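Here is a short report on one protein model.

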Amino acid sequence: MKASLYLVLATLFWSGNFIVGQAAVASMTALDLTFWRWTLAAVPLLLLAHFVEKPDWRAVLRRWPVLLLLSVLGMSGYTLLLYGALGHTSAVNAALITAANPALIVVLAIVLLGERTTRLGWLGICLGLLGVLLVLTRGELQRVLSFSLNLGELMMIGAIIVWGLYTIIARRLGVPAITATAVQVATATITLAPFALALNVRLPETPSEAWSLAYIVVFPSLGAYLFWNIALKTTPPGTAGNYLNLIVVFTAVITVTLGTPLTLVQIVGGILVIAGVLLTGRNGQPKPALAAPPRLAA
């Protein structure tokens with residue numbers, strides 16, 4: 001019960017990142033949010049890793065080339081694309097596209113690693129793709145042929161491709177999860193610093209901006225990762241992965257609560273995406289599958 005509560009809280013915090021992030025990008029840039037998110041989270045995450053996982057830091061730092069690549073992909077690239085997308089599309093659409101990530105990771109594993117999947121797995125991939133296409137085209141699938149898609153949704157497609165590559169590489173990293181996250185966050189702070197200086201990244205100037213950044217640092221960046229990794233100590237990765245579907249549910253519920261109704265296309269697309277994810281999970285993959293905890297950034 002405690003592990004389930006932690007998984008629910010982690011997905012709730014990540015859902016809030018879509019809602020709060022969309023509000024924040026109305027007055028702050030994607031680089032503002034990304035740089036200050038990781039800069040303010042770096043030291044707490046490093047301390048958390050040191051006291052919770054007690055890693056051999058010298059051994060960890062010997063993996064700096066792959067940790068640098070992962071930081072560029074997962075912390076800098078994905079987050080910049082996510083916040084950039086939220087400036088052009090709704091939080092619900094962004095969450096729905098993100099929900100297709102597990103199916104995309106299966107496809108990347110097939111293409112890049114030569115893995116195989118079952119018929120159920122392929123069915124799940126197709127359902128997930130159809131659900132995302134419905135959301136992207138607002139139910140008018142012919143728009144795919146004319147390439148008249150929203151910039152924000154195209155950026156979200158780029159974001160989940162980047163995160164899929166991140167996940168494929170991170171599967172064999174061999175570094176404790178919180179430690180790997182902390183080092184990548186610290187690396188992102190360092191690599192983004194020159195861009196932050198050149199482009200005059202600014203701190204929040206209004207109370208609403210400050211509260212938005214505080215939420216993003218404390219809950220999605222610190223609390224969610226802590227709860228998620230604690231839960232994984234007693235929860236099988238496949239079971240934990242199914243909880244990621246709650247991100248779409250929570251985002252939709254929060255959006256409706258705030259007064260923005262869902263469209264029929266979003267509801268149908270969401271059902272197809274979640275069904276696809278479930279089919280590409282344990283029932284859709286051959287044995288043995290790669291044993292790695294599911295990863296998510298938001």
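## Overall make-up

The protein chain has 14 helices and 0 strands. Helices (H or I, at least four residues) and strands (E, at least two) are DSSP runs, numbered from the N terminus. From the N terminus on, the order of elements reads α-α-α-α-α-α-α-α-α-α-α-α-α-α.

This is a predicted model, where local features need pLDDT of at least 70, side-chain atom pairs count only at pLDDT 80 or more, and totals for chains, interfaces and linings use all residues. Residues are numbered from 1 along each chain as its sequence is written, and side-chain values use heavy atoms, with hydrogens and water left out.

## Surface and contacts

The protein chain has 298 residues, and 51% of them count as buried. Buried means under 20% relative accessible area, exposed over 50%, and partly exposed in between (1.4 Å probe, protein chains only). The accessible surface is about 13,800 Å², with 72% belonging to carbon and sulfur atoms. These areas come from the Shrake-Rupley method with a 1.4 Å probe; for residues, only the protein chains shown count as cover.

Take contacts (heavy atoms within 4.5 Å). Among those between residues at least 6 apart in sequence, 89% join residues at least 24 apart.

## Helix α1 against α5

Helix α1 covers residues 2-24, and helix α5 covers residues 91-99. Their axes come within 9 Å and cross at roughly 135°. That angle makes α1 oblique to α5. Angles under 35 degrees count as roughly parallel, over 145 as roughly antiparallel, 65 to 115 as roughly perpendicular and the rest as oblique. Axes are lines fitted to C-alpha atoms, for helices over the stretch in contact, and angles run from 0 to 180 degrees between N-to-C directions.

Phe18, Ile19 and Gln22 of α1 make the contact with Ala91, Ala94, Ala95 and Thr98 of α5. By class, 5 of these residues are nonpolar, 2 are polar and none is charged. Nonpolar covers Ala, Val, Leu, Ile, Met, Phe, Trp, Tyr, Cys and Pro; charged covers Asp, Glu, Lys and Arg; the others, Gly among them, are polar.

## Helix α1 against α4

α1 also packs with α4, at an angle of about 60° and with axes 8 Å apart. So α1 is oblique to α4. Asn17, Phe18, Gly21 and Gln22 in α1 meet Leu82, Tyr83 and Leu86 in α4. This contact has 4 nonpolar, 3 polar and no charged residues.

## Ser71

Ser71 sits in helix α4, residues 64-86. Its relative accessible area is 1%, so Ser71 is buried. Not counting residues up to four places away in sequence, Ser71 touches Ser76, Gln184, Thr187 and Ala188.
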